[in-house]
Amino acid sequence: MKTLLDLTPEQLAAEIAEIGQPAYRVTQILDWVYKKGATDMAAMTNLPAAIKQHFTVLTSRVVSKAESTDGTIKLLVELADGGRIECVMIPTEARATACLSSQVGCGMECMFCASGMNGLERNLSTGEILEQILHLQKESGRRISHVVFMGMGEPLANTEAVIAAIHAIIDSARQGVSARHVTLSTVGLPKQIRRLAAEELPITLAISLHAPNDALRRELMPKAAQVPLEDVLAAAEEFYQSRHREITLEYVLLAGVNDTNVCAEALARIAGRLRCSVNLIRYNPVPELPFDRPSNTTLQAFADRLAKRGVNVQIRRPRGIDADAACGQLRRRLDGEPTETAPPQGEPTGETPAETPEETPKPPEGV
Ligand code: SAH
């Protein structure tokens with residue numbers, strides 16, 4: 001059996017021709033999966049058995065669902081080989097944002113992040129990335145309108161599968177999300193940023209900066225820092241200039257580590273150079289890790305300093321208070337626990353708020 005979500009429309013058309021079915025079946029199938037969110041071939045009532053038997057939609061299943069009082073839904077999804085990933089649906093009235101994983105675990109091993117604590121297990125396939133959208137839609141009853149690659153994994157370490165998934169997400173014949181509503185978040189891999197710039201994908205690039213100089217970057221993100229910051233910034237500049245596509249800098253504030261005035265000034269210079277906005281993220285404490293979030297006063301002072309330098313700065317709004325909604329946290333909490341299909345009802349987690357991406361602001365003018 002072929003996994004539908006791993007196929008491009010062209011590959012699907014070739015499969016359909018091979019089993020002697022007419023070409024119009026392609027549109028019917030794409031409508032079922034991407035427009036109607038069907039997760040089961042059996043539900044595709046206008047298709048013949050020959051097609052239903054030839055394809056499958058899902059290879060993964062939801063093993064745990066945690067729902068926050070603000071409506072944020074976090075799913076723990078088990079893949080066919082037993083690997084586990086997380087995905088999140090963050091709702092507002094106007095939008096339903098899917099936060100997707102791109103890998104099982106993560107090889108970047110940033111010091112403050114739960115996802116990389118056990119290293120990288122493997123890349124996700126394009127289909128496994130897209131299945132997360134179907135699961136989130138089914139579990140929430142909402143159609144996904146925005147996508148952020150801010151779940152587990154480093155999307156640009158799995159570039160080809162992620163690019164193929166983005167094509168499916170923005171294709172009007174498939175998921176049909178506006179490219180402007182898609183954000184890819186990366187630690188900053190220059191070669192892959194250039195690869196992304198070469199695609200017809202007018203998405204937003206979010207760079208997880210967290211450190212405005214190489215010394216601090218080596219401390220916080222040792223793997224990512226094998227590439228000098230200057231190389232990352234040069235690639236980001238090219239990405240922006242290639243079609244004036246938007247770039248956001250993400251900056252997780254860690255008390256006493258990267259929240260100083262000196263850091264704020266250096267970050268302002270970088271944001272000015274890239275003409276990009278900055279998203280300040282409150283650190284979501286991971287029990288095993290030695291970091292704390294700064295006080296609100298420090299956070300505000302840091303934001304004010306950036307704003308004074310003309311930087312468009314946002315403080316990311318906390319969401320998913322009781323849903324372990326930060327990168328890698330649900331998987332860690334449930335690892336080793338028996339697989340369950342029922343959601344952990346109203347279970348208090350004692351977790352601090354996770355963060356959600358806000359609307360990406362326009363880059364500041366004249367800085
Ligand atoms: N690997 C990619 C995407 C996944 S993480 C990247 O690094 O950009 C999405 C964002 O969450 C990144 O900016 C990451 O640094 C941040 N993050 C990781 N752990 C966090 C934590 N405990 N609290 C707050 N943000 C965290």
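These notebook entries record what I looked up in the structure above.

**Basis.** I worked from a predicted model, in which local features need pLDDT of at least 70, side-chain atom pairs count only at pLDDT 80 or more, and totals for chains, interfaces and linings use all residues. Residues are numbered from 1 along each chain as its sequence is written, and side-chain values use heavy atoms, with hydrogens and water left out.

**Entry 1: E15.** I located E15 in helix α1, residues 9-18; helices are DSSP runs of H or I with at least four residues, strands are runs of E with at least two, and both are numbered from the N terminus. I noted that E15 is buried, at a relative accessible area of 12% (buried is under 20%, exposed over 50%, partly exposed in between, with a 1.4 Å probe and protein chains only). Leaving aside residues up to four places away in sequence, I found that E15 touches K2, L7, H54 and F55, where contact means heavy atoms within 4.5 Å. I also looked up I51, which is 36 residues from E15 in sequence and 9.7 Å from it in space, C-alpha to C-alpha.

**Entry 2: strand β4.** I checked residues 73-78 and found 6 of the 6 buried, so β4 is largely enclosed by the rest of the structure. I73, L75 and V77 point one way from the strand, and K74, L76 and E78 the other. I then traced its partners (two strands pair if DSSP finds at least two bridges between them). Strand β3, residues 61-67, runs antiparallel to β4 and is joined to it by 6 bridges; A66 stands opposite K74. Strand β5, residues 84-91, is likewise antiparallel to β4, with 6 bridges, and M89 is the bridge partner of I73. In the β3-β4 hairpin, with 5 residues between the strands, I recorded a positive phi near 95° for G71. In the β4-β5 hairpin, also with 5 residues between the strands, G82 has a positive phi near 95°.

**Entry 3: the ligand.** I listed 21 residues around the ligand, of which G153, S185, S208, H210 and N284 come nearest (a residue is near if one of its heavy atoms lies within 4 Å). A backbone N or O atom of G153 lies 3.0 Å from a ligand nitrogen, and a polar backbone atom of T186 is 3.3 Å from a ligand oxygen. The protein covers 94% of the 530 Å² of accessible area that the ligand has on its own, by the Shrake-Rupley method with a 1.4 Å probe.

How values were computed
A polar contact is a pair of N or O atoms within 3.5 Å; within protein, one must be able to donate a hydrogen and the other to accept it, and residues adjacent in sequence count only if both atoms are side-chain atoms.
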